[in-house]
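Subject: A structure for you to look through

Dear colleague,

I am passing on a structure that I would like you to look through, with the sequence beside it. My notes on what I found follow below.

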Amino acid sequence: MELILDTGNVNEIKELYTILPIDGVTTNPTIVAKEKKKFIELIKEINDIVGEETPIHAQVISTKYEEIIKEADFISSIRENIYVKIPVTSEGLRAIKELSKRGKKITATAIFTAHQGFLAAKAGAAYVAPYVNRIDNISGDGVNTVRDLVSIIDRYNLNTKVLAASFKNAQQVLELMKVGVHSVTVPPDIAKAMMNHPLTEWSVNKFIEDWEDAFGGGIKTWD
Ligand code: G3P
């Protein structure tokens, strides 16, 4: 399963990319707006941290077919390894179909149903991104929607990965791992929640305390 960071905060990306096996970075217009930087500059800063080999997913803000095509051409020219995120409106789906035919790498986003995800996958999107927590927030079942989408994509051997997005807690991520989701994109706080546990730190402190009680401080295993 791919683990992707859903943020434009370069300090967080730098910190987590150093520690964790990160497979990419996703942004959206809200994420970019939060950083108050020009889009192109932010993408270049992220690129400098993660390197050319790591995929970046960046979203169009255009909503009309012709404009989406133009903007997708621009975004995909920024770097080799970039996925253009396009919301699955009817204009967006039309653009996904056309751009995929032209060989562009597309991540279909703002997906709320397995139907939408299936249609975007069939239109040629490399990734389809259902919004787990936003589905939960409208009295839906985000995990179940993703489970359905993963099973549809796998059953019909579609050449698309489900990239689950929009998380409120690490448990939602765990539930999706259990159903075989192909990728998740998580904000830094959720990546940290997956990584940390207070008892890990407590255990390490206890090991050191016991060791130092027996052998004194500064003694290593090789001494
Ligand atoms: O990138 C889109 C998705 O991650 C949105 O997440 O937390 O704003 O619902 P959220």
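Please keep in mind that this is a predicted model. With a relative accessibility of 71%, Glu53 counts as exposed, because exposed means over 50%. Together with Asp48, Glu52 and Glu80, Glu53 belongs to a patch of negative charge on the surface.

The surface also carries a nonpolar patch, formed by Met1, Leu174, Met177 and Met194, which together have about 350 Å² of accessible area. Of these, Met1 sits in the segment before strand E1 (2–6), and its relative accessible area of 49% makes it partly exposed.

Thr107, which is placed in strand E5 (residues 106–111), is instead buried, with a relative accessible area of 0%. What is Thr107 in contact with, once its neighbours within four places in sequence are left aside? The contacts are His57, Tyr83, Val84, Lys85, Ile86, Tyr127, Ala129 and Leu163.

Strand E5 also holds Ala110, which has a positive phi of about 60° although it is not a glycine. This deserves a second look, because most residues other than glycine have a negative phi. Ala110 counts as partly exposed, at 22% relative accessibility. A positive phi, of about 55°, is found for Asn157 too, again not a glycine; Asn157 lies in the loop between helix H8 (142–155) and strand E7 (161–164) and counts as exposed at 67% relative accessibility.

Finally, there are the charged pairs: the structure holds 11 salt bridges. One of them joins the side chains of Lys192 and Glu15, at 3.5 Å from N to O, and this pair links distant parts of the chain, since Lys192 is in helix H10 (residues 188–195) and Glu15 in helix H1 (residues 10–19), 177 residues apart. Another brings together the side chains of Lys104 and Asp73, at 3.6 Å from N to O; Lys104 lies in the loop between helix H5 (90–101) and E5, and Asp73 in helix H4 (residues 65–78), so this pair ties together parts that are 31 residues apart in sequence.

Lys101 and Glu98 form a salt bridge as well, with their closest N and O atoms 3.6 Å apart, and because they are three residues apart in helix H5, about one helical turn separates them. Through salt bridges that share partners, Asp73, Glu98, Lys101, Arg102 and Lys104 are joined into one network.

Terms used:
Residues are numbered from 1 along each chain as its sequence is written. This is a predicted model: local features need pLDDT of at least 70, side-chain atom pairs count only at pLDDT 80 or more; totals for chains, interfaces and linings use all residues. Side-chain values use heavy atoms; hydrogens and water are left out. Patches are made of residues with over 30% relative accessible area and no salt bridge: like charges are joined within 9 Å, nonpolar side chains (Val, Leu, Ile, Met, Phe, Trp, Tyr) within 5 Å. Accessible areas come from the Shrake-Rupley method with a 1.4 Å probe; for residues, only the protein chains shown count as cover. A salt bridge is a side-chain nitrogen of Lys or Arg within 4 Å of a carboxyl oxygen of Asp or Glu. Lys and Arg count as positive and Asp and Glu as negative; His and the chain ends are not counted. The place of a charge is taken as NZ of Lys, CZ of Arg, CG of Asp or CD of Glu. Buried means under 20% relative accessible area, exposed over 50%, partly exposed in between (1.4 Å probe, protein chains only). Helices (H or I, at least four residues) and strands (E, at least two) are DSSP runs, numbered from the N terminus. Contact means heavy atoms within 4.5 Å.
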